[in-house]
Amino acid sequence: MTTTPETPLWLQGREAVLAAASPEQWREGAPDYHYSHEIMPAQRTRQPVPGSLEAVVESIVQVFEMEVSHKKDPATWVSVVADHFRTNVNGGPWASSADIAERGSYNILIGDGPFYPASSESFDSSHKIFLQAFPMGFFWEVLEVLSPPPVVAFKWRHWGTFEGEYKDFAPTGEVVEMFGLSVAKVTDDLRLLEVEHYYDPNSFLGRLTGGCPVSR
């Protein structure tokens with residue numbers, strides 16, 4: 001993505017937002033994305049043209065994911081209008097930026113199901129579960145953008161190599177992926193106001209629980 005000095009920070013990419021944040025904004029220090037640079041390029045299935053709408057959408061989502069996962073105060077999230085932002089999954093209840101900061105994006109976006117009891121997990125425990133299952137990274141890419149701003153619909157792929165234990169299930173070493181569609185409402189300067197996600201979390205989580213339980 002081509003940027004200029006006038007380009008808003010949230011459109012300059014994840015590394016620019018990382019560099020601009022003050023140390024006290026992070027939950028446990030600034031995150032490290034070296035696996036995204038080292039591993040993701042060879043595993044992705046699409047390579048957006050620099051400056052294209054696909055590239056812009058992917059960059060905004062990367063910034064958003066970083067902020068909700070690692071910045072503790074929604075007021076410091078530059079990718080959203082924090083006091084208006086809301087999100088839901090498959091037409092379910094809306095969650096605010098404050099809800100995400102308290103409960104965690106994994107718990108909000110997965111919810112309670114047969115393979116993951118979101119209501120029993122905290123922000124910290126949910127992140128530890130998936131970091132353990134995917135120690136080399138859990139990557140995300142835009143596959144196709146279907147409509148332009150102010151309502152941006154896009155297809156995506158989320159994937160990682162199942163190399164660590166998931167709850168009581170041993171890793172298989174396979175690449176596990178899921179696909180979905182999201183619809184985002186944005187401001188004129190492309191900050192997020194609302195995002196609706198449509199995907200099947202159980203088809204993904206079932207891949208993590210279909211192997212042999214770990215012996216205790």
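Which residues does Ser126 touch, not counting residues up to four places away in sequence? They are Tyr106, Asn107, Tyr116 and Glu121. Contact here means heavy atoms within 4.5 Å. Ser126 is found in helix H7, residues 123-133. Ser126 is buried, with a relative accessible area of 0%. The scale is this: buried is under 20% relative accessible area, exposed is over 50%, and partly exposed is in between, with a 1.4 Å probe and protein chains only.

Some ground rules. This is a predicted model, in which local features need pLDDT of at least 70 and side-chain atom pairs count only at pLDDT 80 or more, while totals for chains, interfaces and linings use all residues. Residues are numbered from 1 along each chain as its sequence is written, and side-chain values use heavy atoms, with hydrogens and water left out.

Now the sheet. Helices (H or I, at least four residues) and strands (E, at least two) are DSSP runs, numbered from the N terminus. Two strands pair if DSSP finds at least two bridges between them.

Take the parallel case. Strand S1, residues 86-89, and strand S6, residues 192-198, pair in the parallel sense over 4 bridges. For one partner pair, look at Asn88, whose bridge partner in S6 is Glu196.

Now the antiparallel case. S3 and S4 run antiparallel, joined by 7 bridges. Glu144 has Lys155 as its bridge partner in S4. A hairpin of 5 residues links S3 to S4. S3 is mostly covered, with 6 of its 8 residues buried.

Look at that loop between S3 and S4, where Pro150 lies. The peptide bond from Pro149 to Pro150 is cis, and omega is near 15°.

How many residues of H4 are buried? The count is 14 of its 18, and H4 is mostly covered. H4 reaches 26 Å from its first C-alpha to its last, close to the 26 Å expected at 1.5 Å a residue. That expected span is 1.5 Å times one less than the number of residues.

Back to H8. Its buried residues are Pro201, Phe204, Leu205 and Leu208. They cover an arc of only 90° around the axis, which puts them on the same side of H8. The arc is that of the directions from the helix axis to the C-beta atoms. Those buried residues pack against helix H6 (105-110), H7, S3 and S5. At the start of H8, a side-chain oxygen of Asp200 reaches to within 3.0 Å of the backbone nitrogen of Asn202.

Next, the loops. Lys167 sits in the loop between S4 and S5. Lys167 has a positive phi of about 55°, although it is not a glycine. Lys167 is partly exposed, at 27% relative accessible area. Gly173 is found in the loop between S4 and S5. At 48% relative accessibility, Gly173 counts as partly exposed. Leaving aside neighbours within four places in sequence, Gly173 is in contact with Thr161 and Phe162.

Leu190 lies in the loop between S5 and S6. Its phi is near 70°, a positive value in a residue other than glycine.

Last stop: is Pro93 buried or exposed? Pro93 is exposed, with a relative accessible area of 73%. Its place is in the loop between S1 and S2. Not counting residues up to four places away in sequence, Pro93 touches Thr87 and Asn88. The C-alpha atoms of Pro93 and Trp26 are separated by 28 Å, and these residues are 67 apart along the chain.

Key: A polar contact is a pair of N or O atoms within 3.5 Å; within protein, one must be able to donate a hydrogen and the other to accept it, and residues adjacent in sequence count only if both atoms are side-chain atoms.
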